[in-house]
Amino acid sequence: MAPDETPPAGSPGGATPGADDEQAFDRDPHFAAARLKERLYATITMISVVLGLAASDHIGVTGAAATVVTTALGLWLAALVADQQAHRVVHGRLATGHELRRMLSVSSPLLLSAAGPLVLIGAAALGLMAVDTALLVSAGVSVAGLFTWGWYGGIRMGGGTGLALLAGTLDAAIGTAVALVKAAAGH
């Protein structure tokens with residue numbers, strides 16, 4: 001075998017089924033793109049949720065935290081149901097084993113969308129800031145994340161710094177516009 005060839009799965013020196021699946025997924029650009037898509041979608045959705053919460057008159061720490069958690073869980077469960085249904089339609093059976101682990105791994109960034117807002121809501125619970133301030137800061141951090149992913153995508157495409165900044169700005173602006181529309185629709 002040539003030095004640059006990958007040994008077959010299950011062979012000595014090759015990827016073993018099960019334990020190494022996550023490492024194999026990380027090397028798969030389609031897998032990475034699917035996870036990033038979920039992360040960006042969840043970020044835009046969470047921006048709209050925290051903006052909607054910040055605009056409400058009587059939101060407390062507990063209500064804000066519960067809304068953020070249920071939003072993230074709802075997004076994640078909806079993605080799993082949709083993935084499993086699509087799998088059944090295409091393959092004529094339920095996803096199990098490797099396929100199910102892949103579905104769970106691809107959709108897990110939907111749960112991560114709650115982390116930042118919950119940390120800031122926790123800071124509000126400690127009296128470090130008002131709840132509406134925590135929610136607005138959370139939205140700002142998420143918009144900065146959209147910018148960063150857009151900028152990084154522009155860099156990865158080889159467009160140079162100027163085009164990367166434009167890509168980041170456009171991604172942040174479009175994501176924010178979508179979030180604002182979603183937040184306004186909720187009120």
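A residue counts as partly exposed when its relative accessible area lies between the 20% under which it is buried and the 50% over which it is exposed. In this predicted model, Tyr152 falls in that intermediate class at 39% relative accessibility, and Trp149 is likewise partly exposed, with a relative accessible area of 32%. These two residues are three places apart in helix α7 and are therefore separated by about one helical turn. The structure holds one aromatic pair, in which the ring centres of Trp149 and Tyr152 are 6.4 Å apart and the planes stand at 75 degrees, so that the arrangement is edge-to-face.

Just after α3, Gly92 adopts a positive phi of about 75 degrees.

The largest nonpolar core contains 22 residues, and those with the most contacts inside it are Met46, Ile47, Val50, Leu53, Ala64, Val68 and Leu135. Two or more residues are given to this core by each of α2, α3, α6, α7 and α8 (160-185), with α2 giving the most, at eight residues. When neighbours within four places in sequence are left aside, Val50 is in contact with Val68, Pro117, Leu135, Ser138 and Ala139. Another core, of eight residues, lies apart from the largest one and has Leu75, Trp76, Ala95 and Leu110 among its members.

Conventions:
Residues are numbered from 1 along each chain as its sequence is written. This is a predicted model: local features need pLDDT of at least 70, side-chain atom pairs count only at pLDDT 80 or more; totals for chains, interfaces and linings use all residues. Side-chain values use heavy atoms; hydrogens and water are left out. Helices (H or I, at least four residues) and strands (E, at least two) are DSSP runs, numbered from the N terminus. Rings of Phe, Tyr and Trp (its six-membered ring) pair if their centres lie within 6.5 Å; planes under 30 degrees apart count as stacked, over 60 as edge-to-face and the rest as tilted. Buried means under 20% relative accessible area, exposed over 50%, partly exposed in between (1.4 Å probe, protein chains only). A nonpolar core is a set of buried Ala, Val, Leu, Ile, Met, Phe, Trp, Tyr and Cys residues joined through side-chain atoms within 4.5 Å. Contact means heavy atoms within 4.5 Å.
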